[in-house]
Amino acid sequence: SGLWVNGDDGVIRGIEAKTGKVVAVLKDGHEPGSKVRSIWAGWVQCDGKTEEWLVSGGFDKRLVVWKTQ
């Protein structure tokens, strides 16, 4: 359990709520050096399965859908 934070460097970091440590780093979705403007994370029903998705939008005008493996 934790939260996702966006950065000025185009990287999204997952932070564990209990420890405050970075446990995940999402990169290569936005142009290098471009700020991530907004993020949304939640559970999505897809083909009868529940998947966790994170959607990010940046100043590079990209909308990126990140899915867990």
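Tryptophan 40 has valine 55 as its bridge partner in strand 5. Strand 5 (residues 49-58) pairs with strand 4 (residues 36-46) in the antiparallel sense, over 10 bridges. Strands here are DSSP runs (E, at least two residues), numbered from the N terminus, and two strands pair if DSSP finds at least two bridges between them. Two residues separate strand 4 from strand 5 in a hairpin, and aspartate 47 in the turn has a positive phi of about 55 degrees.

This is a predicted model, in which local features need pLDDT of at least 70 and side-chain atom pairs count only at pLDDT 80 or more, while totals for chains, interfaces and linings use all residues. Residues are numbered from 1 along each chain as its sequence is written, and side-chain values use heavy atoms, with hydrogens and water left out.

An open sheet is formed by three strands in the order 1-2-3, with antiparallel pairing. Strand 1 (2-6) and strand 3 (22-26) are the edge strands, each pairing on one side only. On average, neighbouring strands of this sheet are turned by 20 degrees against each other, direction ignored; the axes are lines fitted to C-alpha atoms, and angles run from 0 to 180 degrees between N-to-C directions. Strand 1 is joined to strand 2 (residues 12-16) by five bridges, and valine 5 stands opposite arginine 13 in strand 2.

The largest nonpolar core consists of six residues: Ile12, Leu26, Val36, Leu54, Val64 and Trp66. Such a core is a set of buried Ala, Val, Leu, Ile, Met, Phe, Trp, Tyr and Cys residues joined through side-chain atoms within 4.5 Å. Buried means under 20% relative accessible area, exposed over 50%, and partly exposed in between (1.4 Å probe, protein chains only). Not counting residues up to four places away in sequence, leucine 26 touches Trp4, Gly10, Val11, Ile12, Leu54 and Trp66, contact being heavy atoms within 4.5 Å.

Serine 34, in the loop between strand 3 and strand 4, is buried at a relative accessible area of 10%. Beyond its neighbours within four places in sequence, serine 34 is in contact with Asp8, Asp9, Gly10, Phe59 and Asp60.

The whole structure holds two salt bridges (a side-chain nitrogen of Lys or Arg within 4 Å of a carboxyl oxygen of Asp or Glu).

| Salt bridge | Closest N and O atoms |
|---|---|
| Arginine 13 – aspartate 9 | 2.9 Å |
| Arginine 62 – glutamate 31 | 3.8 Å |

Arginine 62 lies in the loop between strand 5 and strand 6 (63-67) and glutamate 31 in the loop between strand 3 and strand 4, so this pair ties together parts 31 residues apart in sequence. Arginine 13 is partly exposed at 27% relative accessibility, as is aspartate 9 at 37%.

How values were computed:
Helices (H or I, at least four residues) and strands (E, at least two) are DSSP runs, numbered from the N terminus.
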